[in-house]
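Dear colleague,

Please find the structure below, handed over for your review. The notes that follow set out what was found in it.

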Amino acid sequence: MNKKLVAALSGGAALVLALSGCGGGGGGNKKLDDWAKNVCDQMQPQVKKIQDANSSIATVQNEEDSKKIQQTDSAAFQANADAYKALATSVDKAGAPPVKDGDSSQRNAVKALNDLSGAYAGLKKRVDELNTSDKAKFAEGLKGIAGDIGKLSSKSDDALKKLQSGDVGKAMAKQPGCQRTSTSSTPTKK
């Protein structure tokens, strides 16, 4: 019943990993490196929260108890909303990266992250309102939520990719806080 939700969330997880796992790079620009360090030092704990939240949803993908699914999904959506808000705040506080069009890239990324935060808060509200006593209606509600998660991921993807493109992406890739962590947090099936 929760499998579509898990599949949709994996798209969002890819977005976060893209933000936190830029490719390798060379060149040195002290101001840009300092900017990247500032952002990346704040990023890793939030990325971990998002990964953990999405993993918790995966743990209930074969769950039959609608109430347990609802509680798990609700907590995960709240964690995602909080983490994306914190990411937006980090990028906002860091200021614009010292590159051409840095101001617009930063504004777009902050807006995209804040939009994701608000959207996950909305998903939490929606999942909280689902009727757990009717399994068919509950499953239908989850299906609708899963579809919206898929749309969310693609909406914010462009602004975040633009923020981490070119020299900014190279500078972020050098920072330990922006390097990919192990993503093998998918729980094993019972």
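Aspartate 101 counts as partly exposed because its relative accessibility is 45%; buried here means under 20% relative accessible area, exposed over 50% and partly exposed in between, with a 1.4 Å probe and protein chains only. Aspartate 101 lies in the loop between α3 and α4. Its phi is positive, at about 65°, although aspartate 101 is not a glycine. Most residues other than glycine have a negative phi.

The model is a predicted one, in which local features need pLDDT of at least 70 and side-chain atom pairs count only at pLDDT 80 or more, while totals for chains, interfaces and linings use all residues. Residues are numbered from 1 along each chain as its sequence is written, and side-chain values use heavy atoms, with hydrogens and water left out.

Overall architecture

The protein chain has six helices and zero strands, where helices (H or I, at least four residues) and strands (E, at least two) are DSSP runs numbered from the N terminus. Along the sequence the pattern reads α-α-α-α-α-α. Of the 190 residues in the protein chain, 45% are buried. Among contacts in the protein chain with a separation of 6 or more, 83% are between residues 24 or more positions apart; a contact means heavy atoms within 4.5 Å.

Helix packing

Angles between helices run from 0 to 180 degrees between N-to-C directions, and axes are lines fitted to C-alpha atoms over the stretch in contact. Angles under 35 degrees count as roughly parallel, over 145 as roughly antiparallel, 65 to 115 as roughly perpendicular and the rest as oblique. For the residue classes, Ala, Val, Leu, Ile, Met, Phe, Trp, Tyr, Cys and Pro count as nonpolar, Asp, Glu, Lys and Arg as charged, and the others, Gly among them, as polar.

The axes of α3 and α4 are 8 Å apart, and the two helices pack at an angle of about 165°. α3 is therefore roughly antiparallel to α4. Their contact comprises 14 nonpolar, seven polar and six charged residues. The crossing of α3 and α4 is left-handed, a term used if the near helix is turned anticlockwise from the far one by less than a right angle, with right-handed used if clockwise.

The axes of α2 and α3 come within 8 Å and cross at roughly 170°, so α2 is roughly antiparallel to α3. In this contact, 15 residues are nonpolar, eight polar and three charged.

The axes of helix α2 (residues 30–59) and helix α6 (residues 166–173) also come within 8 Å, and they cross at roughly 60°. α2 is therefore oblique to α6, and the crossing is right-handed. On the α2 side the contact is made by Leu32, Asp33, Trp35, Ala36, Val39, Cys40 and Met43, and on the α6 side by Asp167, Val168, Ala171 and Met172. By class, these are nine nonpolar, no polar and two charged residues.

Aromatic pairs

A pair of aromatic rings is described by the distance of the centres and the angle of the planes. Rings of Phe, Tyr and Trp (its six-membered ring) pair if their centres lie within 6.5 Å; planes under 30 degrees apart count as stacked, over 60 as edge-to-face and the rest as tilted. A search of the whole structure finds two such pairs.

One of them joins phenylalanine 77 to tyrosine 120, with 6.0 Å from centre to centre and 45° between the planes, and is tilted. This pair links distant parts of the chain, since phenylalanine 77 is in helix α3 (residues 66–94) and tyrosine 120 in helix α4 (residues 102–129), 43 residues apart. Phenylalanine 77 is buried at 0% relative accessibility, and tyrosine 120 is buried at 1%.

Tyrosine 84 and tyrosine 120 form a stacked pair, because their ring centres are 5.6 Å apart and their planes are at 10°. Tyrosine 84 in α3 and tyrosine 120 in α4 are 36 residues apart, and tyrosine 84 is buried.

Alanine 112 is in helix α4 and is buried at 5% relative accessibility. Its C-alpha atom is separated by 9.2 Å from that of tyrosine 84, which is 28 residues away along the chain.

Asparagine 54 is in helix α2 and is buried, with a relative accessible area of 11%.

Yours sincerely
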